[in-house]
Amino acid sequence: MSLNFTHDPAARSWVETANDPACDFPVQNLPHGVFSCQGRDASGGVAIGDAILDLLALAKAGVISTEAHPVLEAAAEGSLNRFVAMGNQAASLLRGEIFRLLVLDGAGPNPVRADPQRFIVPSAQAMLHMPLRVGSFTDFMTSVHHVTAARKARPARELNENFLHLPVAYNSRASSIVPDGVAIVRPHGQVREASGQVVFRPTSQLDFELEFGALIGPGNPLGSRVGLDQTEDMLFGYVLVNDWSARDIQIWESRLGPFLGKSFATTISPWIVTAEALAPFRVAPVPRLPGQPAPLPYLDSARHRAAGALDIRLEARLSTRNMRQAGLPPERIVATNLLHCAWTLPQMTAHHTSNGCNLEAGDLLSSGTVSGPTDEEAACLFERTAGTLPLDLPGGEQRLWLEDEDELVITGRAERDGFASIGFGPCGARIAPAR
Ligand code: CA
């Protein structure tokens with residue numbers, strides 16, 4: 001995706017809240033999601049400031065070009081699989097027209113600005129849903145810092161040689177992915193106690209993993225491989241991901257890979273930030289790790305070396321019930337950057353299809369825990385506390401693992417001099433007691 005008028009850093013919206021520099025959704029972002037409000041079924045919308053542009057109302061009003069209208073109709077549906085399958089060029093056509101309707105200084109008549117009550121829904125009145133049906137969810141493990149720190153906590157485990165040659169992954173669970181705000185029930189599972197006794201009980205080592213996910217637009221036919229540069233046409237948009245993990249369950253069961261220790265829930269941010277919105281934030285991938293060989297040709301290209309990665313600042317904040325009751329703000333416990341990952345989402349996509357596996361519209365590929373080298377860049381509690389070094393919180397509480405009523409919220413921002421900064425909205429949830 002190339003830069004165009006929709007990335008103009010000087011552009012302002014007539015939706016005033018979109019012009020706050022701290023706002024995640026300025027007119028340069030325009031992420032797609034699915035919302036409902038009282039008395040209405042779920043339908044598609046675009047976030048702008050603290051409001052939502054109602055795409056169903058827009059489709060009914062007939063104010064979009066004939067060319068973009070079929071795209072708008074798909075983007076107005078209650079699930080965006082058909083829309084993302086249309087691909088980045090179709091989304092770009094719609095983005096340009098929506099930008100012109102929401103920008104302050106647009107030329108010509110603007111029917112949306114003339115009648116905002118018909119088209120603009122305050123976010124406070126809306127409920128956000130899963131933006132689409134995720135058919136398959138693949139979780140990678142691409143941060144060497146995550147692997148290394150995990151090795152500290154579990155001395156027997158070493159960095160596998162294959163990590164330096166390929167983006168390691170497993171097939172995770174799609175049905176339990178939920179949007180921001182849905183409570184996560186503490187899962188039960190089989191656990192081997194320190195005494196050696198094997199029991200079935202609620203996890204006592206509930207953890208989060210701060211991750212960054214890509215949603216697939218047009219898929220690839222079964223049996224076909226997708227070249228690294230061609231993956232750009234498949235990567236439709238991006239969301240924040242929390243890969244909730246029950247470490248005691250995970251550690252006892254993992255021989256083939258994670259299963260019930262992960263499959264009880266995954267949270268995503270419900271707004272799909274498009275590849276085009278993130279075009280200004282593409283950068284060269286980080287240098288290869290010491291001792292890491294050059295990637296094999298199917299994971300390498302000149303174009304990828306120039307701008308295959310995304311510069312995204314990622315944070316997580318924790319608040320406990322006591323902190324909220326005392327009026328204390330959530331405590332930032334992670335501040336990291338997607339660039340800590342040793343493999344990029346285009347490389348993950350190319351690797352995923354390298355055996356002919358077919359990806360489909362709405363599939364989710366997640367980066368794995370985005371950890372950097374410092375303590376604050378440790379993107380899960382397993383690394384930060386290793387189950388033995390408690391995290392100190394305001395108000396005097398400590399945490400080794402997440403407790404009931406804890407609330408963990410992941411946020412992300414893309415920033416670059418000369419461009420409007422954009423964000424993703426929250427990816428958060430509160431822990432509910434075991435049932
Ligand atoms: Ca993970």
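This is a predicted model: local features need pLDDT of at least 70, side-chain atom pairs count only at pLDDT 80 or more; totals for chains, interfaces and linings use all residues.
Which residue is the bridge partner of alanine 414 in β26? The partner is isoleucine 422.

Alanine 414 belongs to strand β25, which covers residues 407–414. β25 pairs with strand β26, residues 422–423, in the antiparallel sense, and two bridges hold that pairing. β25 also has a pairing with strand β27, residues 427–432; these two run antiparallel and are joined by four bridges. Within that pairing, isoleucine 410 stands opposite cysteine 427 of β27. A further partner of β25 comes from another part of the chain: strand β20, residues 313–319, pairs with β25 over seven bridges, again in the antiparallel sense. Here leucine 314 has glycine 412 in β25 as its bridge partner.

Another group of strands forms an open sheet. Five strands take part, in the order β4-β3-β2-β1-β5, and their pairing is antiparallel. The edges are β4 (120–122) and β5 (127–129), each of which pairs on one side only. On average, neighbouring strands of this sheet are turned by 50 degrees against each other, direction ignored. One of the pairings inside the sheet is that of β1 (residues 32–36) with β2 (residues 43–48), which is antiparallel and has four bridges. In this pairing, valine 34 has glycine 44 in β2 as its bridge partner.

The model also holds a calcium ion. Its coordinating residues are Asp139 (OD), Glu209 (OE), Glu211 (OE) and Asp243 (OD), at 2.2 to 2.3 Å. Along the chain, these donors follow the spacing D-x69-E-x1-E-x31-D. Aspartate 139 lies in strand β6 (residues 137–141) and glutamate 211 in strand β13 (residues 210–216), so this pair ties together parts of the chain that are 72 residues apart in sequence. Are these two residues buried or exposed? Both aspartate 139 and glutamate 211 are buried.

Glycine 62 gives a contrasting case of surface exposure. This residue sits in the loop between α1 (55–61) and α2 (69–75). Why does glycine 62 count as exposed? Its relative accessibility is 53%, and a residue is called exposed when that value is over 50%. Glycine 62 can also be placed relative to proline 111: the two are 49 residues apart in sequence, and their C-alpha atoms are 10.0 Å apart in space.

Key:
Residues are numbered from 1 along each chain as its sequence is written. Side-chain values use heavy atoms; hydrogens and water are left out. Donors are N, O and S atoms within 2.8 Å of the metal (3.2 Å for Na, K and Ca); water is not among the atoms, so sites may look incomplete. Buried means under 20% relative accessible area, exposed over 50%, partly exposed in between (1.4 Å probe, protein chains only). Two strands pair if DSSP finds at least two bridges between them. Axes are lines fitted to C-alpha atoms, for helices over the stretch in contact, and angles run from 0 to 180 degrees between N-to-C directions.
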